[in-house]
Amino acid sequence: MSEINSKQRDDKKRGKKLMEEKDLIVSAKRGDQLAFAMLFKNNYPFLVKYLIKITMNPDAAEELAQETMAKCVEKIGLFNGKSKFSSWLITIATNLYIDQKRKSKREKNWKTQEEVFRRMKWHLESRNEEWNDVLSALGKLKDEIRIPIVLKHYYGYSYEEIGKMMNISSGTVKSRVHNGIMSVREELKLHGEQESAAAGTRSSR
């Protein structure tokens, strides 16, 4: 019985939060700056965490989150409420990132990437957030592969939802996720073999 009551309380809290968010969105559409500030405060940390996973760069994630919020102010009238506000922000952020990458078309130097990984690991650990080999492996994937995996396996979006966010078919999303996961598994297997070999070398000394 206590579990049922607890679930009911949680459902009420979620329902109240959604109602409060809907009210804030309505006010924001009318130009209420305080409503905008509350929406940003509630969603900014979530957005930055998502962007860290797809950019693999804390500084770039912060900058992109700010750009996303600025775009949100500009486009708030287009939000139709059919998806969660956080999902709408993720869609904006994802497309901004893809557009930036498309415009720059610069391949990252591996040494630079290694430095970014070290900084990112320190950044997450300083916030008591998890850094693991999976994130390292994800960082080696192309953006078009990494983003669908993050959306699917970290945030639970369906293939159809991811397809709409990225303007690609759900079949393409499914294929990219499958191929990406296979690459991650191979990378983790290789990493494990290298660690075992290193441990063997140390123990033989």
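The model is predicted. The chain has nine helices and zero strands. Of its 205 residues, 34% count as buried.

**Overall build**

- Along the sequence, the elements run α-α-α-α-α-α-α-α-α.
- Take the contacts between residues at least 6 apart in sequence: 60% of them join residues at least 24 apart.
- The chain exposes about 13,300 Å². Carbon and sulfur atoms supply 51% of that area.

**Helix α4**

- Helix α4 covers residues 85–104.
- Its 20 residues should span 28 Å at 1.5 Å a residue, and the end C-alpha atoms are 29 Å apart, so the two values agree.
- Buried positions in α4 include Phe85, Ser86, Ser87, Trp88, Leu89 and Ile90. Ile92, Ala93, Thr94, Leu96, Tyr97 and Ile98 are also buried.
- An α-helix has 3.6 residues a turn, so residues three or four places apart point the same way.

- Threonine 68 sits in helix α3, which runs over 58–75. Leucine 96 belongs to helix α4.
- Threonine 68 has 0% relative accessibility and counts as buried, because the cut-off is under 20%.
- Leucine 96 also counts as buried, because its 16% relative accessibility falls under 20%.
- Leaving out residues up to four places away in sequence, threonine 68 touches Leu47, Leu89, Ile92, Ala93 and Leu96.
- With the same exclusion, leucine 96 touches Leu64, Glu67, Thr68 and Lys71.
- Among the residues that threonine 68 touches are Leu89, Ile92, Ala93 and Leu96, and these are buried in α4.

- Threonine 55 lies in helix α2, which spans residues 33–55.
- Threonine 55 is buried, because its relative accessible area of 3% is under 20%.
- A polar side-chain atom of threonine 55 lies 2.7 Å from the backbone oxygen of leucine 51.
- A polar atom of the threonine 55 side chain also lies 3.1 Å from the backbone oxygen of asparagine 57.
- Methionine 56 is in the loop between α2 and α3.
- At 0% relative accessibility, methionine 56 counts as buried.
- Methionine 56 is not a glycine, but its phi is positive, at about 60°.

**The loop between α3 and α4**

- Lysine 84 lies in this loop.
- Lysine 84 is exposed, because its relative accessible area of 51% is over 50%.
- Glutamate 21 is 63 residues from lysine 84 in sequence. Their C-alpha atoms are 9.5 Å apart in space.

- Helix α7 comprises residues 143–154, with tyrosine 154 among them.
- At 1.5 Å a residue, the twelve residues of α7 should span 16 Å. The end C-alpha atoms are 15 Å apart, which agrees.
- The buried residues of α7 are Asp143, Ile145, Arg146, Ile147, Pro148, Ile149, Val150 and Leu151.
- Tyrosine 154 is partly exposed, with a relative accessible area of 35%.
- Glycine 156 follows α7 and has a positive phi, near 75°.

**The loop between α8 and α9**

- Asparagine 167 is in the loop between α8 (159–166) and α9 (170–203).
- Asparagine 167 counts as exposed, because its 63% relative accessibility is over 50%.
- The phi of asparagine 167 is positive, near 60°, in a residue other than glycine.

Conventions:
Residues are numbered from 1 along each chain as its sequence is written. This is a predicted model: local features need pLDDT of at least 70, side-chain atom pairs count only at pLDDT 80 or more; totals for chains, interfaces and linings use all residues. Side-chain values use heavy atoms; hydrogens and water are left out. Helices (H or I, at least four residues) and strands (E, at least two) are DSSP runs, numbered from the N terminus. The expected span of a helix is 1.5 Å times one less than its number of residues. Buried means under 20% relative accessible area, exposed over 50%, partly exposed in between (1.4 Å probe, protein chains only). A polar contact is a pair of N or O atoms within 3.5 Å; within protein, one must be able to donate a hydrogen and the other to accept it, and residues adjacent in sequence count only if both atoms are side-chain atoms. Contact means heavy atoms within 4.5 Å. Accessible areas come from the Shrake-Rupley method with a 1.4 Å probe; for residues, only the protein chains shown count as cover.
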